[in-house]
Amino acid sequence: MSLRDLKEEIYLVLQIKGGHGFGFATSPLIITANLAGNIHESFVTEPCPQPKFENEFVWVMDKTKMKSIWSDKVPIKVECLSVSNFHRNRIGYIIINVKDAQIIQDESKISEKQIRLLGLSKDVSLLKPELILSFYITDVPIQSPPLIPHFLPPIEGGRAQMSSNPLKVTLGSGREHFKLTIRAVAFANLKEMLPSQSDVEPQLLTYNYSLFGVEIVSDVATNHSVCLEMTTSLACLKTYFVRQPMVAVSLHMGSLLVGQTSINMESLLLSEEFNAKRERQQTRSVSCRCIVSPTHNLAETPADVRPCVDFNVCFSSDVPVSKKKSETTTIPPLGTVGAGGDADNGQSILP
């Protein structure tokens, strides 16, 4: 079988099954695979002499792009890294020629290879560590394994009230520890969407966040925020939000639903601002402004007085860092991220 026998949409698949000769490893392991700058990263795997990675990296492209990569002999660089105190050290690497890939339409014909790592230190090279992998091209759609969040303890009925203690959740097989906080930091024109007879101030509204398959209720007592302590990896979290990018947020006055909006987590986590390299970067923070759609008071409002809420998303590791001078978070211009739109006269709801 050749490339010309395949359909227009093609899947280039690299499966890292496991390894041999890793008795030297004392820190968790990560595998990365780089094809022309398109990088995939595995979940964190605990160290052992014969680690089980069980990771599948998939690059999707059309036949024209695949033919170009094929003819140019574009390599895939696979690196094996150790992770210690949130620092990564390269153990070794392998280079895979795209032309070495099997071309198949029947999964039963996938074969495995054992490839020794290059670029090893002198001591490690004596153990001859190698990766067990499969590498193939197919036109049969590849279904990525689901990422299912697990709350500890489990949340009964799919609904939780936020308290002063963070909720604990695991996502994927990553074993790094992070804290994810989403907080409503300011609002504008929310009063206009409340019932005309209401004397409730907007800062007393309750915010319900639909996040990781549950509804998390937050009010003024918890600063209209959700806080999660997560056992995962940054790559895993980004993958989850690429697949499920929107976090729905509903605003309630008592039992009455008065407005709805959403936060595009994919746009935030993949933005330059979030991924900018900083010295000693343990905390990443980004903000957005989201337009709120009223559900009770449906009277049309001019664009310049549309209700909106500013959210801040903060993702931090549990590694302590030296305190620096405080920095003020700047809310970006309206319509940059989130539901979009225009509003003025933002009002803080910070305590």
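User: Hi! Which residues does Phe311 touch, not counting residues up to four places away in sequence?

Analyst: Phe311 touches Ile182, Arg183, Ala184, Tyr207, Tyr209, Val249, Thr261, Ile263, Val286, Ser287, Cys288 and Cys290, where contact means heavy atoms within 4.5 Å. This is a predicted model, where local features need pLDDT of at least 70 and side-chain atom pairs count only at pLDDT 80 or more, while totals for chains, interfaces and linings use all residues. Residues are numbered from 1 along each chain as its sequence is written, and side-chain values use heavy atoms, leaving out hydrogens and water.

User: And which residues touch the most other members of the largest nonpolar core?

Analyst: Tyr207, Phe212, Leu228, Ile263 and Phe311 do, in a core of 48 residues. A nonpolar core is a set of buried (under 20% relative accessible area, 1.4 Å probe, protein chains only) Ala, Val, Leu, Ile, Met, Phe, Trp, Tyr and Cys residues joined through side-chain atoms within 4.5 Å. A second, separate core has 34 residues, including Leu3, Leu14, Leu131 and Phe135.

User: Switching to helix 1, which of its residues are buried?

Analyst: Lys63, Met66 and Ile69, within residues 63-71. Helices here are DSSP runs of H or I, at least four residues, and strands are runs of E, at least two, numbered from the N terminus.

User: Why are they on the same side of helix 1?

Analyst: Because they cover an arc of only 120° around the axis, taken from the directions from the helix axis to the C-beta atoms.

User: What covers them?

Analyst: The cover includes strand 1 (9-20), strand 2 (29-35), strand 4 (52-62) and strand 9 (130-138).

Key: Buried < 20%, exposed > 50% of the residue type's maximum accessible area, 1.4 Å probe, protein only.
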